[in-house]
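Good morning, colleagues. I would ask you to keep the sequence and the model in view while I speak.

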Amino acid sequence: MGTPGHDGTSELSSTPVAGPAHSVVSATAGSRTAVPSKTVLQIADLAPAERYKLATALIVPRPVGWIGTRSPAGVANLAPYSFFNVMAGDPPVLVFAPGLSARKDTLDNVRRTGEFTVNVVTEEVAAAMNLSSAPFPAEVDEFEACGLTAVPATRVGPPLVGEARANFECVVDSLVPVGDPETGGMLVIGEAVAVHVDTSLLNGTRVDQEALHAIGRHAGNTYSSTRDLFEMERPSEAPPSRPEV
Ligand SMILES: Cc1cc2nc3c(=O)[nH]c(=O)nc-3n(C[C@H](O)[C@H](O)[C@H](O)COP(=O)(O)O)c2cc1C
């Protein structure tokens, strides 16, 4: 069975939306979007900080993976990673990438234990997520330091953030270096073995997107909410080709 909603793309242009939550936009093959004039920047000509800034200002919004780990000594650690996403659905494969220019407790812990949790970041826990990005020493329990409830997971050692509205328990599949060996990152690829979801959000296995209040990260300290959701129906067949002009 294919992955629903994820096996194709549409080249159709659509009307910009500024409507009520969950408005429905219909794709219109005829109306073309203007082509903006662009400045071309060669990555090789940019300083590392400029490369990072452009990438993280344009690939937006990014979900934030709030990663729970445990050191071999048993210290619980928690930190946000916005180089993060889901890359497969069956089983869910979740990935994130700690940068290599500074040592990260999260990477040290996943290397040594092979386990992590992903705690879904919504508006309710955004401030605590931000606090957990502070450079706490490795021996500090960051759940405790951030005033969060460490809930035991069912299949892995690292705890879950009780206050988060959903959590994944993950085992590491592989670690893949990405980008420059010194200033790039280490892609951590994990498979989810259990998922916890706030019961009030669930209808069977459907998650209420309006009620979830997920947030996304933009450039620097900017975030967005998901309070202006809209829908687009996917085309069931290719539109007729445009006549030559
Ligand atoms: C929203 C947000 C997203 C972040 N994303 C990343 C990221 O993708 N990679 C990274 O190396 N650091 C990222 N950071 C910085 C880390 O969270 C920060 O360095 C933290 O102290 C790492 O903690 P650790 O040493 O416990 O792993 C992010 C910070 C914030 C606030």
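I begin with helix α2 and what lies over it. The buried residues of α2 are covered by elements that include β2 (65-70), β3, β6 (115-120), β9 (166-178) and β10 (185-197). Helices here are DSSP runs of H or I with at least four residues, and strands are runs of E with at least two, numbered from the N terminus. Contact requires C-beta atoms, placed from the backbone, within 7 Å of each other.

Two remarks on the basis of all this. The model is predicted, so local features need pLDDT of at least 70 and side-chain atom pairs count only at pLDDT 80 or more, whereas totals for chains, interfaces and linings use all residues. Residues are numbered from 1 along each chain as its sequence is written.

Which residues of α2 (residues 105-113) are buried? They are Asp105, Thr106, Leu107, Asn109 and Val110. A buried residue has 20 or more other C-beta atoms within 10 Å of its own, an exposed one 12 or fewer, and a partly exposed one a number in between, with C-beta atoms placed from the backbone. After the helix comes Gly114, with a positive phi near 70°.

Asp105 and Thr106, together with Ala79, Phe83 and Gly99, come nearest to the ligand among the 17 residues around it; the criterion is a C-beta atom, placed from the backbone, within 6 Å. Strand β3 gives the largest share of this shell, 4 residues, and β3 and α2 each supply at least two.

Leaving aside residues up to four places away in sequence, Phe96 touches Gly65, Ile67, Tyr81, Phe83, Phe84 and Val188.

I close with the backbone. Most residues other than glycine have a negative phi, and most peptide bonds are trans. The bond from Val60 to Pro61 is cis, with omega near -15°, and Pro61 lies in the loop between α1 (48-58) and β2. Asp90 and Pro91 are also joined by a cis peptide bond, with omega about -5°. His213 has a positive phi, near 60°, in the loop between α5 (209-212) and β13 (215-217).

Notes:
Two residues are in contact if their C-beta atoms, placed from the backbone, lie within 7 Å.
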